[in-house]
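Let's take a friendly walk through this structure. Have the sequence and the 3D view at hand as you read.

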Amino acid sequence: DLDGVTQFMEKLEQKKERKDVRIVVMVGAGISVSAGVPDFRSMTTGIYQNKMDKYSLPTPQHMFDIDYFISDQGPFYDFVKTELYPKSSTLPTVFHHFMNLLQEKKMLSRIYTQNIDMLERLAGIPQEIICEVHGTLSTSSCANCKKQCDGFTTMRRIRKGEKPTCEKCGGPQKPDIVFFGEKMPRKVQEQMKLDMPDLKKCDLLIVAGTSLAVQPFASFIDAVPRSTPRIFINRDSDGSGRNGEYDDPGGQHLWGKCGNYRDVLLRGDCDKVVTNICRDLGWLAELQSKIKT
Ligand code: OAD
Ligand code: ZN
């Protein structure tokens with residue numbers, strides 16, 4: 001399977017001489033695990049199973065529920081203070097550098113990330129390629145009147161133990177990460193209305209480090225042409241949306257099903273998988289030079 005993937009990518013690299021190559025990468029929390037950022041749904045290490053007990057929430061997901069937040073900011077502010085990444089020492093992973101390498105080779109048209117750790121930016125990937133589907137910590141808004149302010153200031157204040165409020169109406173400040181019950185950022189909604197043009201024209205889709213448990217993100221994999229190969233890189237999950245007891249059903253795919261002609265499951269650690277791909281493509285030195293710097 002890995003052989004097939006690298007052969008296909010080799011062809012894309014050759015094709016690049018003649019025309020555009022458009023790879024789209026869709027990622028989730030799993031790509032930042034090796035940076036020390038825990039994911040959500042891994043058994044024992046995921047935050048839903050591991051970090052929510054002390055809050056006595058109705059369900060772990062209530063930590064990121066907008067109605068719950070409006071009624072009580074305490075648990076989320078405590079979570080920001082004690083658990084939420086990025087911390088200043090958090091560095092991009094091998095997988096982040098791999099995405100940056102694809103971008104430098106002009107083969108990457110878009111990254112759809114569910115992550116809010118901003119490690120894509122830190123890896124040097126240009127902001128215009130990154131679509132932060134679940135929002136960002138870089139800005140913050142009043143949960144009441146929506147007036148926006150600087151997210152880093154809000155984070156700093158929460159981490160100092162303050163309860164940052166809106167200067168206009170006194171409502172609670174919430175970092176602009178997407179909570180359950182909230183809409184996607186406007187930029188993402190506009191893309192969705194336009195039928196996700198980069199997915200529609202994509203030559204290869206790489207899905208990594210996500211359980212595909214959350215919609216609408218999970219359904220983006222269905223927007224690529226029927227002939228486009230889809231590679232799914234994951235340590236534990238097969239992308240059925242079931243990584244543990246907390247999941248909702250995820251997207252449709254053909255990994256491991258009969259009639260499959262284009263979906264490839266590469267099971268394993270995402271850093272290792274892309275290191276192997278780079279080795280086979282002769283890109284290893286380039287990848288390693290990024291990791292060192
Ligand atoms: P999940 O925790 O649901 O899934 C992470 C996936 O990465 C799991 O399937 C892991 O098995 C896998 N994984 C972990 N470490 C890995 C590694 N080193 N290599 C390869 N795979 C690895 O996280 P997401 O899919 O990102 O949303 O979760 C989606 C959304 O659910 C989040 O954005 C967040 C959460 O609720 C909101 O809060 C709105
Ligand atoms: Zn306000």
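This is a predicted model: local features need pLDDT of at least 70, side-chain atom pairs count only at pLDDT 80 or more; totals for chains, interfaces and linings use all residues.

Residues are numbered from 1 along each chain as its sequence is written, chains are lettered from A and ligands numbered from 1 in the order in which they are written, and side-chain values use heavy atoms, leaving out hydrogens and water.

**The zinc site**

Which protein atoms hold the zinc ion (ligand 2) as donors? They are the SG atoms of Cys 142, Cys 145, Cys 166 and Cys 169, at 2.3 to 2.4 Å from the ion. Donors here are N, O and S atoms within 2.8 Å of the metal (3.2 Å for Na, K and Ca); water is not among the atoms, so sites may look incomplete. The angles among the 4 donor atoms are 98 to 117°, and the site is tetrahedral, a label given to four donors if all angles lie between 85 and 135 degrees. Along the chain, the donors follow the spacing C-x2-C-x20-C-x2-C. Cys 142 in strand S4 (residues 135–142) and Cys 169 in the loop between helix H7 (151–159) and strand S6 (173–177) are 27 residues apart, so this pair links distant parts of the chain. Helices (H or I, at least four residues) and strands (E, at least two) are DSSP runs, numbered from the N terminus.

Cys 142 counts as buried because its relative accessibility is 1%, whereas Cys 169 is partly exposed at 37%. Buried means under 20% relative accessible area, exposed over 50%, and partly exposed in between (1.4 Å probe, protein chains only).

**Strand S7**

Strand S7 (residues 204–208) is largely enclosed by the rest of the structure, because 5 of its 5 residues are buried. Leu 204, Ile 206 and Ala 208 lie on one side, Leu 205 and Val 207 on the other. S7 runs parallel to strand S1 (residues 23–27), joined by 5 bridges, and parallel to strand S8 (residues 230–234), joined by 4 bridges. Two strands pair if DSSP finds at least two bridges between them.

**Ligand 1**

| Protein atom | Ligand 1 atom | Distance |
|---|---|---|
| Arg 41, backbone N or O | oxygen | 2.7 Å |
| Ser 211, side-chain N or O | oxygen | 2.6 Å |
| Asp 269, side-chain N or O | nitrogen | 2.8 Å |

Taken alone, ligand 1 exposes 790 Å², of which the protein buries 98% (Shrake-Rupley method, 1.4 Å probe).

Definitions and conventions
Four donors count as tetrahedral if all angles lie between 85 and 135 degrees; four count as square planar and six as octahedral if opposite donors are over 155 degrees apart and all others between 65 and 115; anything else is irregular. A polar contact is a pair of N or O atoms within 3.5 Å; within protein, one must be able to donate a hydrogen and the other to accept it, and residues adjacent in sequence count only if both atoms are side-chain atoms.
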